[in-house]
Amino acid sequence: MPTVLITGATSGLGRYLAFALVRSGHAVLAHGRDAARTDRLVQELRAEGEAQGFVADLASLAQVRALGAEVAAARPDLDVLINNAGVGSGGPGAPREVSADGHELRLAVNYLAPVVLTRALLPVLRTGASARIVNVGSAGQEPLDFSDPELTRGYSGVAAYCRSKFALAAHTFTLAEELAGSGVAANVLHPATYMDTAMVREAGVAPWNSVADGAAAVLALATGDVGSGRYFDGTRPARAHQDAYDPGVRRRLAAVTDQLLGL
């Protein structure tokens, strides 16, 4: 029975994925920020198959590291990591927010948290014959300003969101190169445009697609062999922002990431 961890599983796309995967015979490790909501989800999932809950606030890097350690200890059989949890652009004109560690919130949750969680889980992912890392990105991508990676000047929620998703895509390509030959694949995708989620509604946008539309693309990467180091728009192979492939940009991103994480 393949074992999959889904971050942000208590609502929206993550919740849909959790039920789809448990019904197809996966053991689902459901992450949520709220303990009561996570527990309710796990009880529902257990009516369908095997499920286990994990609670952490991804805006706290200490909690992200603890989550990684907890999952690695509890489920050394982990096969798939779906980094799905995220923070949207916020409402129109929303002010800049910071994480528990003082980082710009969208960069912290959408980028730094997946980086830290993935690093924590790589040792167990590497032990399997084949494992998959699926990063839920976005077609909205904007290169970071390396002189101001946390967007302290001229803040906009949309820019913050697009920069975090650009960083996630660029990081995924670097990670895939590092993992070449290890049996662990890493890919990133834009699941669907403006899905019917709280994140989209908060931004004041009328949804264009259902979460089922986006889930089909995530499930294809989580359960199928599609190679590694690739970007998908839905289920179609596509191209991320051109700068995400630039080795120089990716080296600078890696250096800034280590600096932000205090490494």
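**Entry 1: helix α3.** I looked up what the buried residues of α3 pack against, and found β1, β2, β3 and α4; contact here means heavy atoms within 4.5 Å. The model is predicted: local features need pLDDT of at least 70, side-chain atom pairs count only at pLDDT 80 or more, and totals for chains, interfaces and linings use all residues. Residues are numbered from 1 along each chain as its sequence is written, and side-chain values use heavy atoms, with hydrogens and water left out. Helices (H or I, at least four residues) and strands (E, at least two) are DSSP runs, numbered from the N terminus.

I listed the buried residues of α3 as Leu-61, Val-64, Leu-67, Gly-68, Val-71 and Ala-72. Buried means under 20% relative accessible area, exposed over 50%, and partly exposed in between, with a 1.4 Å probe and protein chains only.

Entry 2: I traced an open sheet of eight strands in the order β3-β2-β1-β4-β5-β6-β7-β8, with mixed pairing. Two strands pair if DSSP finds at least two bridges between them. β3 (51-55) and β8 (236-238) are at the edges with a single partner strand each, so one side of each has no neighbour in the sheet. The twist averages 25 degrees from one strand to the next. For axes I took lines fitted to C-alpha atoms, for helices over the stretch in contact, with angles from 0 to 180 degrees between N-to-C directions.

**Entry 3: β1 and β2.** I found β1 (residues 3-6) and β2 (residues 27-32) paired in the parallel sense over four bridges. Ile-6 stands opposite Ala-30 in β2. Helix α2 (residues 35-46) lies across β2 and β3, at about 170 degrees to β3.

**Entry 4: around β5.** I checked β5 for cover: five of its six residues are buried. β5 runs parallel to β4, joined by four bridges, and Leu-81 has Ile-133 in β5 as its bridge partner. The β-α-β crossover from β4 through α4 to β5 is right-handed, that is, clockwise from the first strand over the helix to the second with the strands pointing away from the viewer. With β6, I noted parallel pairing over six bridges.
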